[in-house]
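Please view the sequence and the model shown here, and then read the notes grouped by topic.

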Amino acid sequence: MDPWDENDAFEAAASAPVPLSQRALAARPKPYLDGLNPAQLEAVLTLEGPVLMLAGAGTGKTKALTARIVHLMREGRARANEILAVTFTNKAAREMKSRVEAMSGSEGGMPWMGTFHSLSVRILRRHAELAGLKPSFTILDTDDQLRLLKQLIQAANMDDKRWPPRMLAGLIDTWKNRAWTPEKVPSSEAGAYDNKGTELYAQYQERLRALNACDFGDLLLHCVTIFRAHPDVLAQYQRWFKYILVDEYQDTNVCQYLWLRLLAQGHQNICCVGDDDQSIYGWRGAEVGNILKFEKDFPGAKVIRLEQNYRSTPHILAAASGVIRGNADRLGKTLWTDVEEGEKVRLTGYWDGEEEARAIGEEIESLARGTRGRLPVGLNAQAILVRASHQMRAFEDRFLTIGLPYRVIGGPRFYERQEIRDAMAYFRLAVSPDDDLAFERVVNLPKRGLGDRATASIRTEARRISMSQHEGARSLVATGGIGGKGAGQLRQFVEGIDRWHAAVLGARPDTADQLIEPLLPDTPPATQSGHVRLAETILEESGYVSMWQNAEKDKNPEAEGRLENLKELVKALEQFDSLQGFLEHVALVMENDSEEAAEKVSIMTLHAAKGLEFPAVFLPGWEEGLFPSQRAMDEAGQKGIEEERRLAYVGITRAEELCYISFASNRRVYGQWQSQMASRFVDELPVADVEILTPPGLMGGGYGAAMGSFGSDIEARATKADVYNSPGWRRLQNNAGPRPATPRRTMTIDPEAGAGFEIGDRVFNQKFGYGRIIDIEVDTVEIAFEKAGVKHVKAGFVTPAKADDEIPF
DNA sequence: GTTCCAACATTTTTT
DNA sequence: ATGTTGGAAC
């Protein structure tokens with residue numbers, strides 16, 4: 001039966017007198033409402049019409065959201081599959097799903113809970129023809145997209161160096177985020193990309209259609225276009241989705257906003273949850289404006305504020321609100337908590353980034369040990385949140401040295417690794433041999449003796465017969481259009497694809513239909529493992545596995561790891577019931593969710609930290625130009641500052657009990673030493689809630705200048721005793737171990753900093769490590785260091801090493 | 001077709 | 001500083 005008809009049937013049933021069982025259900029106790037505060041309760045129980053839940057950090061919005069969903073179902077307002085619940089990330093969707101399941105006790109409900117993109121794919125598969133696609137369309141990854149754009153750029157006789165494909169991809173993405181199809185790009189954008197932007201955009205869309213493919217932006221944009229052009233289709237969905245819930249509404253872009261508004265126009269029951277103070281994705285098209293004008297967009301909307309914070313101590317909340325206060329455009333809320341105790345936020349200035357890393361490593365270990373009369377704070381409970389990923393290196397270096405376990409969150413992702421993408425290209429060919437992008441990727445991988453010339457003639461042949469490159473290659477093989485050693489190998493490749501494709505069809509005859517999911521929960525497909533074996537066969541027969549196995553170890557030290565990754569990939573396949581299902585999952589869920597149990601400190605960007613919380617949070621690098629980032633300020637001016645400030649707010653509010661903010665007055669960025677000013681956000685911290693720590697381990701200061709208006713509150717120079725007693729120095733003893741022989745270098749240091757040293761003194765330098773003074777001239781001190789390459793150092797870099805510090809020679 | 005060297009860029013990131 | 005990429009030399 002067509003699910004739409006079934007929906008009508010259900011509606012008819014719903015308008016009939018409420019059966020006894022329903023009433024009994026309604027009378028049952030509602031444990032899911034227990035423990036909600038009045039505001040949360042209001043957010044759960046306000047069912048009719050548009051609702052904006054303004055939920056500050058740590059105010060229990062997920063709890064309210066899940067309770068609302070459970071309530072809707074328990075009260076018989078809607079069935080699980082009539083509730084559309086949208087999130088941004090797969091992680092958020094997963095989390096909400098499991099919480100709803102836990103709360104309602106039912107499993108596997110909520111078929112329409114997912115990310116904007118995954119939901120859009122499901123809708124788009126049902127109506128692909130309306131967008132000029134077949135239901136079996138593929139979803140391009142960034143790699144494919146860039147290669148495609150590059151081809152177009154070169155075809156337009158443009159210099160792809162001056163006009164990099166990346167830039168065009170960014171431009172097109174921006175346009176799609178604003179819901180502009182090629183015809184709708186306003187003329188004000190005509191100058192973009194050397195006046196060719198719009199034209200290339202149109203060509204790109206044309207190519208995508210020919211390839212039966214979509215990029216990420218298309219998933220949403222096609223939906224919006226279809227909804228607008230086909231009111232009947234839209235009406236079906238409007239009728240179907242009785243309630244709509246949206247998480248992180250402040251991050252929606254124009255296209256997502258339209259998507260939501262179109263769908264919500266039916267029942268008008270849309271509940272958006274968000275926090276204007278946590279909008280940090282403006283640079284990728286998110287419109288804070290969407291949340292600011294919610295009441296205008298949805299007339300009659302109720303705004304409910306969740307302001308009671310259950311996460312952080314009062315000092316942390318005060319610090320966060322002190323910073324965010326500087327922003328002009330805010331809906332305004334005041335977080336409060338009834339917790340009383342808590343330590344002040346700590347602010348520390350360091351000499352440079354390496355000292356910062358060392359001191360933070362110290363503190364992390366000391367917290368983990370539970371010193372200072374505090375209960376131990378496990379490593380999993382601690383996180384370092386940085387503004388830019390290059391800041392991570394200093395911490396990784398340091399933590400590797402002292403053996404402190406850490407995990408970097410949001411690093412290069414599993415499915416973005418080269419070997420995984422290659423293997424996936426083979427799978428894609430097996431599923432749909434016409435996938436030209438996949439074909440191009442692996443046709444000469446492993447090397448099959450097919451170079452530029454051979455691939456070019458395959459492409460030409462394909463175009464001549466208006467078929468895919470797979471067919472083009474077949475035709476060339478048949479006619480002997482390819483000469484030499486490549487011919488036989490190409491034949492094997494073509495035949496291989498045919499064989500694998502036949503195997504895929506054998507395993508699952510109704511390929512395309514399988515991709516269209518029913519609106520109603522289906523009986524789960526019978527699990528079978530043929531596709532796992534097939535995947536292994538493909539990787540072996542293609543020679544891809546042996547390519548890495550035969551790779552010379554010394555030239556490809558990573559080959560072993562790549563083979564491991566391939567094994568992992570095949571293992572991951574087991575959880576799916578077909579190759580195509582797996583491919584779809586990977587296209588949408590580019591993440592490796594291997595959650596390890598081991599105790600490790602987390603290192604991540606502020607962006608990656610949204611939605612997380614940690615008892616102890618370190619926020620390093622609060623320097624003007626780094627945070628707030630120079631680029632954000634240059635490109636977006638005051639708006640940029642405001643977004644950076646929200647980022648600071650997000651960072652501070654991740655902390656439950658301990659928050660450490662720090663900056664360095666000298667930092668090396670891309671190998672260049674830079675003198676830094678403390679971030680303006682440092683000045684915005686309320687003094688009453690911040691404890692300013694004397695920077696330890698320094699001589700030849702320079703803090704006054706770096707400290708901004710805080711300078712007067714901080715002792716500019718550490719005393720020698722500070723140096724000797726600071727924990728940062730003692731910790732290094734544990735680093736004892738064999739060190740390489742070190743060449744001697746001459747180093748010029750500030751006479752003032754050098755004063756008092758004698759030949760034979762052991763010293764420490766932030767950049768070059770431990771050394772021993774071997775000669776002193778009037779303004780030259782010759783020092784032997786463990787690191788080579790020292791030629792000239794500007795000023796005041798040497799500290800005396802403690803007597804029992806490890807000296808390498 | 002492969003290897004090597006020079007030029008180049010280098011926030012934030014999801015899907 | 002460092003990793004990637006494109007072109008020239010092999």
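Both Tyr237 and Phe241 are buried, where buried means under 20% relative accessible area, exposed over 50% and partly exposed in between, with a 1.4 Å probe and protein chains only. This is a predicted model, in which local features need pLDDT of at least 70 and side-chain atom pairs count only at pLDDT 80 or more, while totals for chains, interfaces and linings use all residues. Residues are numbered from 1 along each chain as its sequence is written, chains are lettered from A and ligands numbered from 1 in the order in which they are written, and side-chain values use heavy atoms, with hydrogens and water left out.

**Aromatic pairs**

- The structure has 20 aromatic pairs, a pair being rings of Phe, Tyr and Trp (its six-membered ring) whose centres lie within 6.5 Å; planes under 30 degrees apart count as stacked, over 60 as edge-to-face and the rest as tilted.
- The ring planes of Tyr237 and Phe241 stand at 25 degrees, with centres 6.1 Å apart, so this pair is stacked.
- Phe618 and Tyr660 are also stacked, because their ring centres are 4.4 Å apart and their planes are at 10 degrees.
- Phe618 belongs to strand E13 and Tyr660 to strand E14 (residues 655-669), so the pair ties together parts that are 42 residues apart in sequence.
- Helices (H or I, at least four residues) and strands (E, at least two) are DSSP runs, numbered from the N terminus.
- Phe618 is buried at a relative accessible area of 1%, and Tyr660 is buried at 8%.
- A cluster linked by ring pairs contains Tyr426, Phe439, Phe493, Trp500 and Tyr544.

**Helix H11**

- In helix H11 (residues 231-240), the buried residues include Val233, Leu234, Tyr237, Gln238 and Trp240.
- These residues lie on the same side of H11, because they cover an arc of only 165 degrees around the axis, the arc being that of the directions from the helix axis to the C-beta atoms.
- Pro231 and Asp232 are exposed, on the face of H11 turned away from its buried side.

- Five of the five residues of strand E10 (residues 382-386) are buried, so E10 is largely enclosed by the rest of the structure.
- One side of E10 carries Gln382, Ile384 and Val386, and the other carries Ala383 and Leu385; both faces are covered.
- E10 pairs in the parallel sense with strand E13 (residues 614-619) over three bridges, two strands being paired if DSSP finds at least two bridges between them.
- Within this pairing, Ala383 stands opposite Val617 in E13.
- Strand E12 (residues 601-605) runs parallel to E10 and is joined to it by four bridges.
- Ile384 has Ile603 as its bridge partner in E12.

**Nonpolar cores**

- In soluble globular proteins, nonpolar side chains tend to be buried together.
- The largest nonpolar core has 74 residues, and Leu84, Phe137, Ile244, Tyr249, Trp259, Leu260 and Leu263 touch the most other members.
- Helix H12 (residues 254-264) supplies the largest share of this core, eight residues.
- A second, separate core of 49 residues includes Met424, Tyr426, Phe427 and Ile497.
- A nonpolar core is a set of buried Ala, Val, Leu, Ile, Met, Phe, Trp, Tyr and Cys residues joined through side-chain atoms within 4.5 Å.

**Salt bridges**

- The structure holds 37 salt bridges, each a side-chain nitrogen of Lys or Arg within 4 Å of a carboxyl oxygen of Asp or Glu.
- One of them joins Asp218 and Lys176 at 2.9 Å, N to O.
- Asp218 lies in helix H10 (residues 216-229) and Lys176 in helix H8 (residues 165-177), so the pair ties together parts that are 42 residues apart in sequence.
- Asp218 is buried, with a relative accessible area of 1%, and Lys176 is buried at 2%.
- Lys333 and Asp275 form another salt bridge, with the closest N and O atoms 2.7 Å apart.
- This pair links distant parts of the chain, 58 residues apart.
- Arg346 forms a salt bridge with Glu343, the closest N and O atoms lying 2.9 Å apart; Arg346 is buried at 11% relative accessibility, whereas Glu343 is partly exposed at 31%.
- Lys61, Asp247, Glu248, Asp251 and Lys610 are joined into one network by salt bridges that share partners.
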